[in-house]
Amino acid sequence: MFTGLIDDVGVVERVERTEAGRELRIASRYTGLATGESVAVNGACLTVREPGPGGFTVAAIVTTLDRTTIGSWDVGRRVNLERALRLGDRLGGHMVQGHVDGVAVVERVQRRDDALLVDVRLPDDLESLMVPHGSVTIDGVSLTVNALPSPGILQLSLIEYTWTHTTLGTLRAGDGVHVEADLIGKYVRQLVTPYAAAR
């Protein structure tokens, strides 16, 4: 479990294909990582294979590659990082599982006074889970749904701290981003769908 509050931005140092999947060595300031520990990498929960000074190694298997942009990552890519929540930690963002639901595509980025507005086109099956002023995770960052300005479009409003302390400040039109819909919304939809279909 994560909160969507990024505590480091890492850099992909090495990419190779191994028996474990697409293996990535990520440079990071983290210390004390343990083998088997979970780290959210751009919102995707991955398992630490080899911790070490200055970084760690993770691998993405085929099902993870199917749901994310990890298959296109190259050396030098910056990624948002968050270590798993410990019991007793503050929950400053919202409940994030690190299970990417799909990839959205950035349609527009514009400054509006002190905010950076980002419009993304959602996969069709995620639109119904978005609630104005509700929670959403984009590339691992806990954010508020600013608006739903048109069908299929989610608008985010980023504060200066977010765009300078995560990778979101460098987003451009055409970029793909990981989306994790709000956990509560997903469970509610799953629970009510059979009853709605029966009516």
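Modeller: The open sheet has 7 strands in the order E4-E3-E7-E1-E2-E6-E5, with antiparallel pairing. Strands here are DSSP runs (E, at least two residues) and helices are runs of H or I with at least four residues, numbered from the N terminus; two strands pair if DSSP finds at least two bridges between them. The edges are strand E4 (44-47) and strand E5 (50-52), each of which pairs on one side only. Neighbouring strands of the sheet are turned by 35° against each other on average, direction ignored; the axes are lines fitted to C-alpha atoms, for helices over the stretch in contact, and angles run from 0 to 180 degrees between N-to-C directions.

This is a predicted model, in which local features need pLDDT of at least 70 and side-chain atom pairs count only at pLDDT 80 or more, while totals for chains, interfaces and linings use all residues. Residues are numbered from 1 along each chain as its sequence is written, and side-chain values use heavy atoms, leaving out hydrogens and water.

Consider strand E6 (residues 55-60). On one side, E6 is joined to E5 by 3 bridges, running antiparallel, and Glu50 stands opposite Thr57 in E6. E5 and E6 form a hairpin with 2 residues between them, and Gly54 in the turn has a positive phi of about 80°. E2 is also antiparallel to E6, with 6 bridges between them; there Ala27 stands opposite Gly55 of E6.

E6 is largely enclosed by the rest of the structure, because 6 of its 6 residues are buried. Buried means under 20% relative accessible area, exposed means over 50%, and partly exposed is in between (1.4 Å probe, protein chains only). Gly55, Thr57 and Ala59 point one way from E6, whereas Phe56, Val58 and Ala60 point the other way.

A search of the whole structure finds 1 aromatic pair. Tyr30 and Phe56 form this pair, which is stacked, with 6.4 Å centre to centre and 25° between the planes. Tyr30 lies in the loop between strand E2 (21-27) and strand E3 (38-41) and Phe56 in E6, so the pair ties together parts that are 26 residues apart in sequence. Rings of Phe, Tyr and Trp (its six-membered ring) pair if their centres lie within 6.5 Å; planes under 30 degrees apart count as stacked, over 60 as edge-to-face and the rest as tilted. Phe56 counts as buried at 0% relative accessibility, and Tyr30 counts as buried at 8%. Arg83 lies over the face of Tyr30, at 5.5 Å from the ring centre; a charge sits over a ring if NZ of Lys or CZ of Arg is within 6 Å of the ring centre and within 35 degrees of the ring normal.

Beyond this sheet, 6 strands close into a barrel in the order E8-E9-E12-E11-E10-E13, with antiparallel pairing. E9 and E12 pair over 6 bridges, and Val120 stands opposite Leu154 in E12.

The largest nonpolar core has 24 residues, of which Met130, Val136, Ile138 and Leu154 touch the most other members. Such a core is a set of buried Ala, Val, Leu, Ile, Met, Phe, Trp, Tyr and Cys residues joined through side-chain atoms within 4.5 Å. Apart from this core lies another, of 18 residues, among them Leu33, Ala44, Val58 and Trp73.
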